[in-house]
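Open the model in a viewer with the sequence panel beside it. The stops below say what to select next and what is there.

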Amino acid sequence: MHKAPRTIRAVLTPLAYIANRWTPAPRIVRQAALAALVMSVLIVVTGGAVRLTGSGLGCDTWPKCTDDSLIVTQAQGFHGAIEFGNRMLTYVLCAAVGWCIVAARAAKPWRRSLTKLGWLQFFIVMGNAVLGGITVLTGLNPYSVAGHFLLATSLITVTTVTWQRTREGDSAPRPRVPGPVRKLSWALIATTLVLIAAGTVVTGSGPHAGDRSEIKRMPFDWAATAHVHAVSAWVVCALAVAMWLVLRVVDAPDDTRARARDLLIVLIAQGGIGYVQYFTHVPEALVAAHMLGSCLVWIAVLRVALSLRERPAAQAEIPAQADPQLSAV
């Protein structure tokens, strides 16, 4: 008696299963990456709304909203609804990141670099969710709040790079400008990071604690930190102007010069908002606009740096005219 032959089948993961049955158009992959970027900015802005409305402890514990309820209760009122709404928006962010991962995995050919960037987004979101919980459990510790914002900025970094990579190939990067220009872009990135970090210190030592009760603030003079932040902003502006001028001198590609122009526009708007909010005693609406501007400045800086190199998409080789196959009849 002979045994029937056994067919060994590979066990497919859910992502591989989807990839075998769906091939998204390149436009869909780009849209998925853009959705993750938009949501990474939106979660920062809504997090700012939590702080500015004094709703940071609207849900006074984590991961539940209260000790007895997973969701917001009527007794927690407006502040509870704001804080809980921001928590729920994290699930929307996760959905956008998940869509990015699925689209990258299902694309043909499979671009592993995009898939890895998508998973990096996911782990940053999970890490920031945990840090957000620690922030609540520690009563809005200002250093934890600052770390929460900086980790959100790292998510914006990865989503921006992912969005850019959806429009490129996977070949080795090739410079489009001379080496000194690329070094200038690194200086611009570094000073912008200093600017963002200084901004978290201004917020951490300023009047918007995130809750209506007395919350511990960073032990720094708010006016002095604001001046340091302003000086950092001027350095970033000087480097941005230098980048715009240098790109014109070296006759950089049009899209690269356009990215430098966009950065200048965003910086001018952000600087104007910053000075107005300082001299008008930091009204909540302008602080929210300044937080959005911080995200847009960082994205603009990254786009300038990314535009200084290119990754051409792989193309099928075209046979030479002398190829015997071309003249075969």
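## A buried cysteine and its partner

Select Cys 65 to begin: with a relative accessibility of 0%, this residue counts as buried. The model is a predicted one.

Show the side chains: Cys 59 and Cys 65 are joined in a disulfide, with 1.9 Å between their sulfur atoms. The torsion about the S-S bond is -65 degrees, which makes the link of Cys 59 and Cys 65 left-handed. How many disulfides does the structure hold? It holds one.

Two further cysteines can be selected here. Cys 100 has a relative accessible area of 4% and is buried. Cys 295 is buried as well, at 3%.

## The whole chain

Zoom out and colour by secondary structure. The protein chain has ten helices and two strands. Following the sequence, the order is α-α-α-α-α-β-α-α-α-α-β-α. The protein chain has 329 residues, and 43% of them count as buried. Among contacts with a separation of 6 or more, 76% are between residues 24 or more positions apart.

## Two cis peptide bonds

Go next to Trp 62 and Pro 63. The peptide bond from Trp 62 to Pro 63 is cis, its omega near 10 degrees. Pro 63 sits in the loop that runs between helix 2 (26-52) and helix 3 (77-106).

Leaving aside residues up to four places away in sequence, Leu 137 touches Thr 61 and Trp 62. Leu 137 belongs to helix 4 (residues 112-137). Is Leu 137 buried or exposed? Its relative accessible area is 53%, over the 50% limit, so Leu 137 is exposed.

Now move to Lys 108 and Pro 109. Here too the peptide bond is cis, with omega near -5 degrees from Lys 108 to Pro 109. Pro 109 is placed in the loop between helix 3 and helix 4.

## The second largest pocket

Colour the lining by class: seven residues are nonpolar, three are polar and six are charged.

## Helix 7

Select residues 222-249, which make up helix 7. The 28 residues of helix 7 should span 40 Å at 1.5 Å a residue, and the C-alpha atoms at its ends are 41 Å apart, in agreement with that figure.

Which residues of helix 7 are buried? They are Thr 225, Ala 226, His 229, Ala 230, Ser 232, Val 236, Leu 239, Ala 240, Met 243 and Leu 247. To see what they pack against, show helix 6 (179-205), helix 8 (254-279) and helix 9 (284-306).

Phi of Asp 251 is near 55 degrees, a positive value in a residue other than glycine. Asp 251 lies in the loop between helix 7 and helix 8. With a relative accessibility of 59%, Asp 251 counts as exposed.

## Helix 8

Carry on into helix 8, which has 26 residues. From its first C-alpha to its last, helix 8 reaches 38 Å, close to the 38 Å expected at 1.5 Å a residue.

The buried residues of helix 8 are Thr 256, Ala 258, Arg 259, Ala 260, Leu 263, Leu 264, Leu 267, Gln 270, Gly 274 and Gln 277. Bring helix 6, helix 7 and helix 9 into view: the cover over these buried residues includes them.

Methods:
Residues are numbered from 1 along each chain as its sequence is written. This is a predicted model: local features need pLDDT of at least 70, side-chain atom pairs count only at pLDDT 80 or more; totals for chains, interfaces and linings use all residues. Side-chain values use heavy atoms; hydrogens and water are left out. Ala, Val, Leu, Ile, Met, Phe, Trp, Tyr, Cys and Pro count as nonpolar, Asp, Glu, Lys and Arg as charged, and the others, Gly among them, as polar. Helices (H or I, at least four residues) and strands (E, at least two) are DSSP runs, numbered from the N terminus. The expected span of a helix is 1.5 Å times one less than its number of residues. Buried means under 20% relative accessible area, exposed over 50%, partly exposed in between (1.4 Å probe, protein chains only). Contact means heavy atoms within 4.5 Å. A disulfide is a pair of cysteine sulfur atoms within 2.5 Å.
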